[in-house]
Amino acid sequence: MRKKNIVTLKKLALDLGLSISTVSRALNNHVDISEETKERVKAYANKVKYAPNLFARGFRSHKSNIIGVIIPNIEHQFTATLLKGIIYNADLNGYKVIICESFNNEQKQAALLETMVQFGVDGVLLSLVKKNTNVDDILDMMQHIPLILFDRVSAKVPCTQIVIDDEEAAFKAVEHLINTGKKRIAIIKETESSILSEKRYAGYLKALKKYGIDLDESLVMSCENLTIAEGKKLAKVLVGLQHKPDGIFAITDEAGIGAIQVLTKNKIKIPEDVAVVGFSNSVYSTIIKPKLTTIDQPGNRIGEVAIKYLIDEINSDTVISYKTIEIKTNLIVRGSSFKSLKRNSLS
């Protein structure tokens, strides 16, 4: 394969018979360069398809206008909405974005943080892996560039953190089930190592306590990864109980959809016999029948706020006061928890 002929700043200068510094300043509209020279340099640069080396520029100026984003799993629809909010608002502010996936692996996350520093990014947005046992690598990176945590966060990392009101959102979901007359409400959650799961479980417990419902441990279902398949597996356990639940709160839509599939297969009426509420408002929540009542997780807004605070920190010349920003959520009521009425079409 023939080696590509990359047009460099040096080659532009040689072809034009100018110094490298003159060409560079012309491309950057420096006031010391005449309009005639600027037009000549830009015209030739366009002709030969010159593209500036952002990393080299960042090395010289100590600012690359590139932001690194590290996420645990890129496949989730919620992650896609997060990234859309980040990319759109980064672009508005003149920043490019490098996106990397840690695959929920702590060692991979540490390696990516090191790579971000080596690339010379101006700052990093990080959503932690599910099991983050050591934050030393994160603290080390923060000595070099600004960091904002979002979605999956940790109290061990002293930085600004962007989250949703997980506990309050879970409370609203379970309270809704109670207000529809349900009293034996099961929860499908992740194992205790998950920060998000712990907060949503706390909201579940808070709702039970407020309405005087005793916790039944047999209704607490946990697993490592809340996929549709795992939701189905745990729902099968619930429908096999002697004292079945009359409501299920799943802390992800996937698990809620799995539960609906099992209930439907066992000819259990939804929501009359068992109501189901999920969490996220994924596209799948409106495809399943009945449609899934769920917590709307505003990923776009989270991404927008996260990038705003990171850019503010990048451009700040003073010591930053770290804070936790909570983004509010909404409960979307659909057919899995509320029987549709002719007068009030809640689908």
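## A look around a predicted chain

Of the contacts in this chain with a separation of 6 or more, 69% link residues 24 or more positions apart; contact here means heavy atoms within 4.5 Å. This is a predicted model, where local features need pLDDT of at least 70, side-chain atom pairs count only at pLDDT 80 or more, and totals for chains, interfaces and linings use all residues. Residues are numbered from 1 along each chain as its sequence is written, and side-chain values use heavy atoms, with hydrogens and water left out.

**The overall build**

Along the principal axes, the C-alpha atoms fill a box of roughly 85 × 45 × 40 Å.

How much of the chain is buried? Buried residues make up 47% of the 347 residues (buried is under 20% relative accessible area, exposed is over 50%, and partly exposed is in between, with a 1.4 Å probe and protein chains only).

**The nonpolar cores**

In soluble globular proteins, nonpolar side chains tend to be buried together. A nonpolar core is a set of buried Ala, Val, Leu, Ile, Met, Phe, Trp, Tyr and Cys residues joined through side-chain atoms within 4.5 Å. The largest one here has 69 residues, and the members touching the most others are Leu 125, Phe 150, Ile 162, Ile 188, Ile 248 and Phe 249. Apart from it lies another core, with 21 residues, including Val 124 and Met 142. Back in the largest core, take Phe 249: leaving aside neighbours within four places in sequence, its contacts include Ala 170, Leu 177, Ile 188, Arg 200 and Phe 279.

**Rings and charges**

How many aromatic pairs turn up in a search of the whole structure? There is 1. Tyr 201 and Tyr 204 are stacked, 5.9 Å centre to centre with 20° between the planes. Rings of Phe, Tyr and Trp (its six-membered ring) pair if their centres lie within 6.5 Å; planes under 30 degrees apart are stacked, over 60 edge-to-face, and the rest tilted. Both tyrosines belong to helix H9 (residues 195-210), 3 residues apart, about one turn of the helix. Tyr 201 counts as buried because its relative accessibility is 18%, and Tyr 204 does too, at 1%.

| Peptide bond | Omega |
|---|---|
| Ile 270 to Pro 271, cis | near 5° |
| Lys 289 to Pro 290, cis | near -5° |

Pro 271 lies in the loop between helix H11 (253-265) and strand S9 (275-280), while Pro 290 is in the loop between S9 and strand S10 (293-296). The S9 to S10 loop also holds Asn 281, with a positive phi near 65° in a residue other than glycine.

Technical notes
Helices (H or I, at least four residues) and strands (E, at least two) are DSSP runs, numbered from the N terminus.
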